[in-house]
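The sequence and structure are shown first.

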Amino acid sequence: MHRIDKTDLMIMKELQKNSRLPFRKIGKKVGVSSSTVKNRVQKMQLQQIIDKFVLFVEPEIFGYKTIYIVVTGMDIEENTREGDKLYDILRLAGEISEHHVCIGQINAFGLLVKENEVEKSIGLLENQIGQSLTILGMRESGRIFSASKALIQTDYRLMHFLAKNPRAKVEDIAQATGITTKTVKRRLDELVEDRIIAFRTVFRPEALRGYLMFYVLLNVKNGGSSKVLERIRSEYEKYLFSEPIIQPNIIFLNLFSENIYELDRVYRKIVKTSSEIEKAWLFIDIDVRLFQNWLSNELERRLRKRR
């Protein structure tokens, strides 16, 4: 089994920022040749450290809000019947976008719900799951989207292709979609700049050797997020694996450590960073599952309208 070193970790961090980044540019950032990057990425794919490259599309562009929930006390890996029942309940409430199976019988989910059905969906979850459920919060992009105005038919065609081939070259995208290379490049740049799409990488936790990935979610007092994040950056920047996600009352951190003892030490120090932090959650993934059926359905529906 391949053991990750610091060079691998730096490459992984760049792929997490943008999985479409050419090996040449990654090599320049990391300080190695493009062939070294290519060989290491291929080795990580072979060892299944890299699970897949993915296209992320902002759910709000299609009228969804993302609710983050945690369900505890269910070993759905061993009890598949219990897992199936939980999935059925979640699908009644919305579209499952991600599922993090964590140490300690903790299951964290991202659930997409139409804007006008948020309260109804939360009520259903509370009624059906009960005390095992915790609503962590709702993701807010901080922007107002209108799919009819923000996106054009060309964008839907690009997304439809990239959902299956996130790292495809511009020339290949153009040939497959019938869109000019100039337009492909321009629209992709604009969609990324507008934070409508992003390109990410999914790593398999069980295949990692040499480092531990973990997540910390902080509930922060009103107006305190920026101040708390500033302190975390100043003291724990070297442990951050990806850019923190900041919401009005929530900070979500993706971090790494060399061992479980360092992980525990970093977590405890982060929690004590500020009195503005009201509650903290620690998640250590066993498995990560992403679901993009919702995206395929939304794109197919819009593409059919133009046929």
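Helices α7 and α9 are roughly perpendicular to each other (an angle of 65 to 115 degrees; under 35 counts as roughly parallel, over 145 as roughly antiparallel and the rest as oblique). The axes of α7 (residues 153-162) and α9 (residues 181-193) cross at roughly 85° and come within 11 Å. Axes here are lines fitted to C-alpha atoms, for helices over the stretch in contact, with angles from 0 to 180 degrees between N-to-C directions. Helices are DSSP runs of H or I with at least four residues, numbered from the N terminus.

On the α7 side, T154, D155, L158, M159 and L162 make the contact (heavy atoms within 4.5 Å). On the α9 side, T183, V184, R187, L188 and L191 make the contact. By class, six of these residues are nonpolar, two polar and two charged; Asp, Glu, Lys and Arg count as charged, Ala, Val, Leu, Ile, Met, Phe, Trp, Tyr, Cys and Pro as nonpolar, and the others, Gly among them, as polar.

This is a predicted model, in which local features need pLDDT of at least 70 and side-chain atom pairs count only at pLDDT 80 or more, while totals for chains, interfaces and linings use all residues. Residues are numbered from 1 along each chain as its sequence is written, and side-chain values use heavy atoms, with hydrogens and water left out.

The whole structure holds 18 salt bridges (a side-chain nitrogen of Lys or Arg within 4 Å of a carboxyl oxygen of Asp or Glu).

| Pair | N to O distance |
|---|---|
| D5 and R40 | 2.9 Å |
| D155 and R187 | 2.6 Å |
| R233 and E237 | 3.5 Å |

The D155 and R187 pair links α7 with α9, 32 residues apart.

D5 lies in the segment before α1 (6-17) and R40 in helix α3 (residues 34-46), so their pair ties together parts 35 residues apart in sequence. D5 is partly exposed at 30% relative accessibility, and R40 is partly exposed at 23%. R233 is partly exposed at 26%, as is E237 at 41%. Elsewhere, salt bridges link K114, E298, R301 and R302 in a network.

E262 belongs to helix α11 (residues 260-271). E262 is buried but has no salt bridge, and the nearest side chain of opposite charge, R265, is 4.1 Å away; Lys and Arg count as positive and Asp and Glu as negative, with His and the chain ends not counted. Leaving aside neighbours within four places in sequence, E262 is in contact with Y239 and S257.

Notes
Helix = DSSP H or I, 4+ residues; strand = E, 2+ residues; numbered from the N terminus. Buried < 20%, exposed > 50% of the residue type's maximum accessible area, 1.4 Å probe, protein only.
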